[in-house]
Structures are given as C-alpha cells and as structure tokens.
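Here is a short briefing to read alongside the model. Have the chains coloured separately, and we will go from chain pairs down to one pair of helices.

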Amino acid sequence: MPELGKYALEVTLAYGASAVLLTGLVAIVVGRAARVRRALERVEGRRDG
Amino acid sequence: MSLWSYANPVRFMGATRPLVPVLGAVAAVCILVGLAWGFFFTPDDYRQGSTVKIIYLHVPSALMAINAWFMMLVASLVWLIRRHHVSALAARAAAPVGVTMTLIALVTGAVWGSPMWGTWWAWDPRLTSFLILFLFYLGYIALWQAVEDPDAAADLTSVLCLVGSVFAVLSRYAVNFWNQGLHQGASLSLDAEKNVADVFYYPLLVCIAGFVALFAALVLLGTRTEIRARRLHVLRLRERMADA
Amino acid sequence: MIRLVARDLALAVRAGGGFGLGLAFFLVVTVLVPFGVGPDTARLGAIAPGLLWIAALLACLLSLDRIFALDREDGALDLLATAPLPMEGIALAKAAAHWLTTGLPLSLAAAPLGVLLNLAWPGHLWLAASLLAGTPALSLIGTFGAALTVGLRRGGLLISLLVLPLYIPTLVFGADVARRGAEGLDPTTPLALLAAVTLGCLAGLPFAAAAALRVSLR
Amino acid sequence: MTLRARDLTVGRGGLPVLARLSFTVEAGRALILRGANGTGKTTLLRTLAGLQAPMAGEIAPGRDAVAYAGHADGMKAQLTVAENLAFWAGLHGLRGIDAALDAFALRPLEDRLAQHLSAGQRRRLGLARMLVTGRPVWCLDEPTVSLDAANTARFAAMVEGHLAEGGIAILATHIDLGLAGDTLDMGPWRATALDAGAPA
C-alpha cells in the first residue's frame with residue numbers, strides 16, 4: 001500500500017465515496033433492467049398464453 | 001443503411017444486445033487498471049502530496065458529467081426533430097448516469113480541494129457550476145417521472161433540456177462573474193501542451209477511457225430497459241383498452 | 001394579447017384573485033430575516049441586497065403554478081388554444097400578467113423594505129432598478145415552468161425544482177447590482193448583463209413555453 | 001361550407017383510438033356522434049377543433065373554422081356574463097356582444113358573475129361564446145349534461161338556429177335532440193391492435 005502521508009483521509013474518502021456512488025449506480029441500472037425484463041416477459045406471457 | 005435505421009427500436013435492441021456486456025467488461029478493466037496504476041504506481045505531487053491521486057476520479061467524472069448532459073441535449077434535439085423514440089429514451093437513460101457522475105465530481109473535487117481551502121466546500125466557480133448542473137439533472141429526472149404519458153414526457157423533457165442547456169452555460173459565466181476562482185488549471189486542454197506530467201497523464205487517459213466505456217454501457221442498458229418499459233406500458237394500456 | 005393581459009389583471013384584482021399575495025409574502029419574508037439572522041444592523045446591511053433579491057425571487061415563484069392551472073381547470077386554456085391567438089402570444093400575455101401582478105409591485109415595494117434591513121442609501125435605487133430589469137425574466141422563466149407542469153397533479157412543487165436553477169443568472173447579476181449600489185461601486189456592468197439575460201428570455205422563452213403548452217394540450 | 005374528413009386516425013397519448021374514419025357534413029346539417037364513453041368521441045371533437053393533430057388523414061376546413069365547447073365552458077367565475085363574452089368577442093375580433101346576449105336571452109343576466117349562474121344559464125353563456133367566435137362549425141362535447149328537459153329543448157332550438165343560418169354542428173351526445181342531420185357511430189371505426197403497431 002503506498003504511503004498516503006497526511007492526506008490519507010482525503011484520498012480514502014474520495015475513493016470510498018466514488019466507489020459507493022459508482023456501485024450504487026450500476027446496481028440501480030442493472031436492477032431496474034432485470035425488473036423491467038421480468039415484468040415484460042410476464043405480460044407478454046399473459047398476452048400470448 | 002443510414003444511422004437513422006438504428007432508431008427503429010427492434011433493430012436497436014438487436015444491434016446493442018452484444019454491446020452491453022462487452023462495454024461493461026471494457027469499462028471494468030480500464031477503470032480497475034487505470035485506478036490501480038494511478039493509485040499504486042505514481043509518485044506524490046510535491047505540493048499536493050497524495051491528494052493528487054484523486055485526479056483519476058475527479059477529472060473523468062467531471063468530463064462525463066458534462067458530456068452526459070451534452071449527449072442528452074443532442075438526443076433531445078433528435079427526438080424533437082426526427083421523433084425517434086430511441087433517442088428520447090436514451091436521453092432518459094443517460095440522466096441518472098450523468099447525475100451520479102456530477103455527484104462524484106462534486107465530492108472528489110471538494111475533498112481534493114479541502115486541504116488547500118481549509119474547508120470541506122469552497123464556492124469555487126467551476127465546482128459551483130457542477131452544483132448547478134446537478135440541480136438541472138434533478139429537475140430533468142423529476143420531470144420525466146412526473147409526466148405519465150411517455151410521448152408528452154419525452155417532449156417536455158426535451159424542451160427542458162434545451163432551455164436548461166442555455167441557462168447552464170449562462171450560469172457558468174454568471175458564477176465566474178460572481179466569484180474569481182480557486183480551481184487548479186485545466187488538467188486536459190486540447191491546445192496547450194500537456195499540463196500534467198507524463199507519469200500522471202497516461203493512467204488518467206486509461207481512467208477516462210474506463211469512465212466513457214462505463215457511461216456507454218450503462219446508457220445502452222438503460223435505453224434497452226426504457227424501450228422494454230415503453231413496450232410494457234403499451235401492452236398494459238392495450239389490456240385496459242380491451243376491457244373497456 | 002393585450003385583452004388576455006387585461007382579463008388576467010382584472011381577475012387578479014377581483015376577490016380571490018391573489019393580487020397582493022406576492023407582495024405580502026415578500027414583506028413577510030423580509031420581516032422574518034432579522035429574526036433569523038439577528039438584529040445586528042451592520043450584518044443585516046451587508047446581506048440586505050441578496051436577501052431582498054431572494055425574497056423577490058421566492059415571491060415570484062409563489063404564484064407561478066396559478067398562471068395556467070386556473071385556465072386549465074375551467075377549460076379556458078383549450079378555448080384559448082382554438083382562438084386566433086398564437087400560443088406564443090398566450091405565453092407572453094400570461095408572463096406579462098404575472099409580471100404586472102407580482103414583479104412590478106415587488107420592484108416598487110423593495111426599496112422601502114430595504115430600510116428594514118438597514119440597506120445603505122444608494123442601494124435602494126439600484127435595488128429597484130435591478131428588480132425592474134430582472135423580474136420580467138423571472139416571470140418569463142416562471143411561465144415556461146408553469147407551461148411544463150400545467151398538466152401534472154402536483155405541478156406546484158415541481159415548478160420550483162425546475163425553475164429555481166434557471167433563476168441563477170438573474171439572481172447573481174441582480175443581487176450584484178444591488179450590492180455594488182449599496183457599497184457605492186459602479187453597478188452598470190452587472191445591470192447590463194442582467195438586462196441582457198432578461199432580453200434573451202423575452203426573445204426565446206415564449207416559444208419554449210408555447211411548445212410545452214401544445215404538448216400538455218394534446 | 002361543408003366539413004370533410006378523409007381517412008382520419010385520431011389517438012390519445014400516441015395510441016390510436018379511431019382509424020380510417022371519413023365523413024362529410026353539409027352546411028345547415030348536424031352530425032351526432034354515438035358511442036359509449038371512451039370510444040373516441042371527445043378525441044375526435046378535439047382533433048376537429050385543432051387542439052390535437054390527427055395521427056393520419058385530413059380535415060377540411062381547418063381549425064380556424066371550428067368553435068369548440070368541451071365539458072368545462074371556460075368561463076371565469078369572477079367575471080360577469082358581459083365581461084366574459086366581451087373578452088371572447090374581442091379575442092375573435094368581434095365588436096358587439098349584444099347580438100349574442102339577445103340570441104340566448106342573457107340580457108337580464110348581463111351583470112351577474114358567472115359563478116352565480118345556474119347550469120342552464122351557464123350552458124347558454126357557453127353557446128353565446130360560440131356565436132361570438134363567428135365560426136361556422138360548432139363542436140359540442142356532451143352539451144346537454146346536467147340540463148333539465150326545458151333547458152335541453154331550449155338548447156336544441158338554439159343549435160337549430162345556428163344550423164338554419166348555414167352553420168354546421170357536431171355533437172357528442174346520448175340523447176336525441178331532433179336535429180336535422182346524420183348519426184355517426186364510433187363502433188366500426190375503433191382502432192385495432194393493427195393500427196396501434198406497438199413500438200418495440
């Protein structure tokens with residue numbers, strides 16, 4: 001691990017917050033994609049069935 | 001076979017099916033490599049110490065925050081002029097990615113500047129412009145959710161995006177006028193020679209490539225979801241019509 | 001178009017028209033400020049221009065959702081759309097009516113209220129000048145926001161989120177004119193920029209508002 | 001003056017409700033739209049009035065010849081009958097409102113605020129407004145709702161007056177007003193899934 005010196009807090013804070021925001025974004029987008037795909041398959045199933 | 005043919009939803013869905021995972025993988029690799037390279041293998045800056053490592057997050061996210069809005073502007077124009085559903089839905093899909101990128105830029109910018117400024121937040125013109133852009137994003141997303149009818153929503157949000165863009169630029173200069181500036185010089189500028197030493201420059205480029213790939217992957221996935229949601233809406237509407 | 005403005009003015013003055021609401025709100029907010037900030041006249045004087053501008057801005061915001069909502073509820077908006085008046089004309093007339101009932105009285109009432117906040121003397125003139133030059137833009141942008149949200153259920157709340165960011169340039173330049181006036185500096189540059197923003201709004205926003213109206217009439 | 005519509009497709013929220021509709025209405029005649037609620041009567045009337053563009057097909061003459069009256073009559077409650085009428089007259093470039101006041105027996109109510117009018121009186125004010133626009137084609141959406149028999153009869157007489165002067169009236173209504181004209185049932189023109197053509 002590189003020696004972050006006296007700004008260790010700032011750097012970890014920046015990386016930590018960005019990591020949370022990025023993973024949150026990906027989770028939301030992928031989650032919604034799956035949810036909508038499932039709902040569409042259900043409705044289309046009902047329609048063709 | 002012009003580009004517009006991709007505006008046909010069915011063709012768009014087919015064409016982008018393989019792209020999403022590929023872009024996702026590229027994004028993951030580039031971001032991990034770039035960040036690792038910048039974080040572990042670059043020296044500290046003599047003045048800023050290790051905080052310079054935040055550049056690998058701040059610059060790419062700031063870049064994507066602005067380009068996301070610009071992409072939404074172009075997509076809105078395409079919707080208003082050519083009435084292609086896909087471009088309106090792409091604009092809608094880009095907004096959450098854009099707002100997250102703006103948030104990242106704000107947080108990393110504030111944290112990066114805090115040792116120099118002595119406070120967690122300083123009203124620096126460039127950082128404040130991102131705060132304003134953040135508000136524009138909120139308004140745009142809120143309007144999409146507030147309107148039920150998809151076509152009306154696409155039109156209204158497109159008009160808002162156009163007007164918002166003009167005011168975003170206006171605010172950019174108003175904020176400059178309002179406060180001088182504490183932000184460090186541009187890390188990337190097309191004309192001037194490289195502002196950042198080579199050793200920092202290359203990992204930065206890799207990170208930027210990673211963020212661009214991430215943006216593309218998420219927007220494509222988002223657009224595909226919006227198209228499916230539109231189809232869901234139409235099917236449900238028709239079911240209601242059938243009962244009537 | 002003038003006829004539409006005249007009708008809206010007559011309606012605003014009648015019972016329940018809400019003519020004085022914007023002004024009353026402006027007064028109340030200005031009076032409340034010292035209770036929050038403290039009675040120290042020096043501090044109040046320093047922040048008076050900005051506060052008066054923000055109070056004026058919020059007063060304008062208050063009456064925005066009534067611009068089209070009332071006409072939509074009683075069906076007048078549909079009939080106006082079939083009238084030989086272009087939609088842009090309707091938007092402009094509505095903005096003018098909003099300005100005459102809110103922006104103009106605010107600009108005139110701001111100077112005396114400046115005394116409450118211990119505004120330095122030349123500031124009152126420049127405050128009134130900046131408000132006169134800036135509030136038309138607030139009404140035009142507000143009309144655009146009202147047009148965007150006319151068809152929505154809880155449009156009122158959404159309007160403030162959509163419109164306030166668009167108010168930033170006018171607020172920055174307007175408050176700067178008042179502040180420089182109060183400090184005896186030369187406020188002509190920000191005043192020119194403020195007027196430029198307002199003229200730009202006058203030129204472009206009625207078209208954007210008309211486009212939004214046509215969508216919500218569909 | 002004849003109203004002609006050819007291969008008309010009208011819709012709500014991007015979804016067609018009526019498709020391939022064609023009809024002609026001669027001067028002095030009425031067209032009664034029949035059909036259950038939600039079958040597109042209001043959408044058709046709004047398209048004829050130019051409030052929304054048709055999804056396909058043409059209408060002649062255009063929106064400038066059409067006066068529209070929806071469920072809400074667009075009168076301002078705090079204005080008097082005369083002020084309301086004067087406003088709409090001025091907007092449509094007409095000077096005097098006396099003709100309209102007399103034609104609909106509104107003279108005695110001239111100074112009464114619109115909010116104090118009965119349903120029948122408000123309906124007469126709505127019709128007076130259409131007269132004041134001076135437009136030949138009247139589109140009326142469920143005009144006799146909440147009217148008693150007497151007012152409905154008086155309403156029918158007023159529309160006949162308009163037809164007598166060579167005007168055209170298109171009404172969406174469930175009751176028989178005995179107007180000289182044809183009936184158009186919405187049923188056969190309902191848009192099917194074929195027309196909908198779901199986007200994805």
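In this predicted model, chain A and chain D do not touch, and their nearest C-alpha atoms are 11 Å apart. Chain A and chain C are not joined by any contact either, with their closest C-alpha atoms 22 Å apart.

**Which chains meet**

- Four pairs of chains are in contact, and chains A and B share the most contacts among them.

**Where chain B touches chain C**

- This contact draws on 22 residues from chain B and 20 residues from chain C.
- On the chain B side, the elements giving two or more residues are helix H5 (125–146) and helix H6 (150–178).
- H6(B) gives the most to that side, with 13 residues.
- By residue type, the chain B side that touches chain C divides into 19 nonpolar, two polar and one charged.

**A helix pair inside chain C**

- Helix H3 (residues 41–62) and helix H8 (residues 155–182) of chain C pack at an angle of about 150°, and their axes are 8 Å apart.
- The crossing in which H3(C) passes H8(C) is right-handed.
- From H3(C), the residues that meet H8(C) include Pro49(C), Trp53(C), Leu57(C) and Leu61(C).
- On H8(C), the residues that meet H3(C) include Val163(C), Tyr167(C), Leu171(C) and Arg179(C).
- What is the make-up of the contact of H3(C) with H8(C)? Its residues divide into twelve nonpolar, three polar and one charged.

Technical notes. Residues are numbered from 1 along each chain as its sequence is written. Chains are lettered from A and ligands numbered from 1 in the order in which they are written. This is a predicted model: local features need pLDDT of at least 70, side-chain atom pairs count only at pLDDT 80 or more; totals for chains, interfaces and linings use all residues. Two residues are in contact if their C-beta atoms, placed from the backbone, lie within 7 Å. Helices (H or I, at least four residues) and strands (E, at least two) are DSSP runs, numbered from the N terminus. Ala, Val, Leu, Ile, Met, Phe, Trp, Tyr, Cys and Pro count as nonpolar, Asp, Glu, Lys and Arg as charged, and the others, Gly among them, as polar. Axes are lines fitted to C-alpha atoms, for helices over the stretch in contact, and angles run from 0 to 180 degrees between N-to-C directions. A crossing is left-handed if the near helix is turned anticlockwise from the far one by less than a right angle, and right-handed if clockwise.
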